[in-house]
Amino acid sequence: MKVLSYGEVNLRFTPPDYQLLAQTNQLTYQITGTGVNLLTNLSNFGMETTLLTTLPDNNVGKMAAANIRKYGIQDHHIQFNGNHMGSYFVELGYGVRPTVVTYQNRLASAFCQANPASYPIEEAVKENDIIHICGISLLLNERTRETALKLAACANEFGKPLYFDFNYRPSLNTEHSKAFIKEQYEKILSLAHTVFGGIRDLTELLDIEVNEELPYLEQLQMGIATFKQKYHVKNYVGTNRGFENHEHSLAGFMDGESFKVSSTMPVDLLDRIGSGDAYAAGIIFGLANNWPEERILEFAVSNAVLAHTITGDVPHTTLEEVEALMEGRQQSLIR
C-alpha cells in the first residue's frame, strides 16, 4: 500500500534538558511536519510513503531531504526552490510548566511560495493508493490552498481515498474571514474519505450546532452525525484528552460503521508534539489493512501513547512496539 502526503516541512529547534531559550545557547534541530511525521510512522509499519512538498534550493534543503530519506520516505516528488524553510522553537514543559512553541516566519518558506504548477500532481496521485492532506495548507496562503484543492480533486477523479486532517488554527488565518476559510475546508470535506478532527472543528469552524446540555460524548455524536450527513464523509476520527489528579490520559473515537470509543490509556508525557500524527498514522494503517474498527482504535491510541514518550515530533514507533503495548507485553529493558 502506497501513501502520498502533501505538507510543509519545518525545522524544529529545541533547547536541551528542558531548558528555556533564555537559559541556553545550545539547540538541537529536527526535520518535522505533519506529512513527515505521519509518513515516517507509516514507513516504520511497512508501507511505501512519498512526500509532496517544496524545500529550499540550498544546503538546508539538501539536509532536510537527506533526513526525509533517512526516515524511509521517498523524495522523488520533492521540489527545490527558494532559500527559506519555516522553523519553530519548542521549550519543553516539565511538571506544571507547559510546553511553549514559538513559530518563525513560515509564510516566506519555499513551501509557501510554490504553486500547483510546481508539482506533478496527477502523476503523484496515480502512483499512490492513499492521499493525505493537512488542513494547515488551507490556512497558509493562496498557493498552498490551491495546491491542496487541486490534489484533492485529482484524488477524487482517480478514485483514491483522501484522508484529511483539520488542523484548524485560527492564529494562522490572518488575512481572511472565518467564513472564507470555512468555504475552503468545505471544498475538501466533500471529497474526503476519512477526516481527523474534534468537536471544536465542527462547532467553531463549520458552525454545526450541538446541545451543550448533553454529556460530551453525546454532543460529539450529534455533531458528527450532522457533519457526515452534510459532507458524506465515511469516517470521522479523533482523540479525547483527559487530565485528572495530575495524570494525563488519552482515548480515541471513530464514527465509521457506528460511533465507537477506545479504552482510555494513561499518558507519560515526555513530548506531546506529533502524537496526533501518530494517532492518524495508526488509523490509516488499520483502515488500509481492513481491521475491525475496535482494533483500529486500540492500535491508534496505543501508537499515540507511545509517541508521547519519544522526544521530538517524529513518532519513531514500530509495529512490534505498538502491538506489545496493546497486548500488555511491554518491557522496561530489552537486550
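1. A helix's expected span is 1.5 Å times one less than its number of residues. Helices (H or I, at least four residues) and strands (E, at least two) are DSSP runs, numbered from the N terminus. With that in hand, look at H9: its 16 residues reach 22 Å from first C-alpha to last, close to the 22 Å expected.

2. Before going on, a word on the source. This is a predicted model, where local features need pLDDT of at least 70 and side-chain atom pairs count only at pLDDT 80 or more, while totals for chains, interfaces and linings use all residues. Residues are numbered from 1 along each chain as its sequence is written, and side-chain values use heavy atoms, leaving out hydrogens and water.

3. Which residues of H9 are buried? They are Gln219, Leu220, Gly223, Ile224, Phe227, Lys228 and Tyr231, buried being under 20% relative accessible area (1.4 Å probe, protein chains only). Down the axis of H9, these buried residues fall within an arc of 160 degrees, so they line one face of the helix; the arc is taken from the directions from the helix axis to the C-beta atoms.

4. The cover over that buried set includes helices H7 (178-189) and H8 (199-205), along with strands E10 (194-196), E11 (235-244), E12 (247-255) and E13 (259-261). Just past H9, His232 has a positive phi of about 60 degrees.

5. Over in strand E2 (residues 10-14) sits Asn10, which is buried at a relative accessible area of 5%. Asn10 has contacts (heavy atoms within 4.5 Å) that include Gln30, Met85, Tyr88 and Arg106.

Conventions:
Buried means under 20% relative accessible area, exposed over 50%, partly exposed in between (1.4 Å probe, protein chains only). Lists of a residue's contacts leave out its neighbours within four places in sequence.
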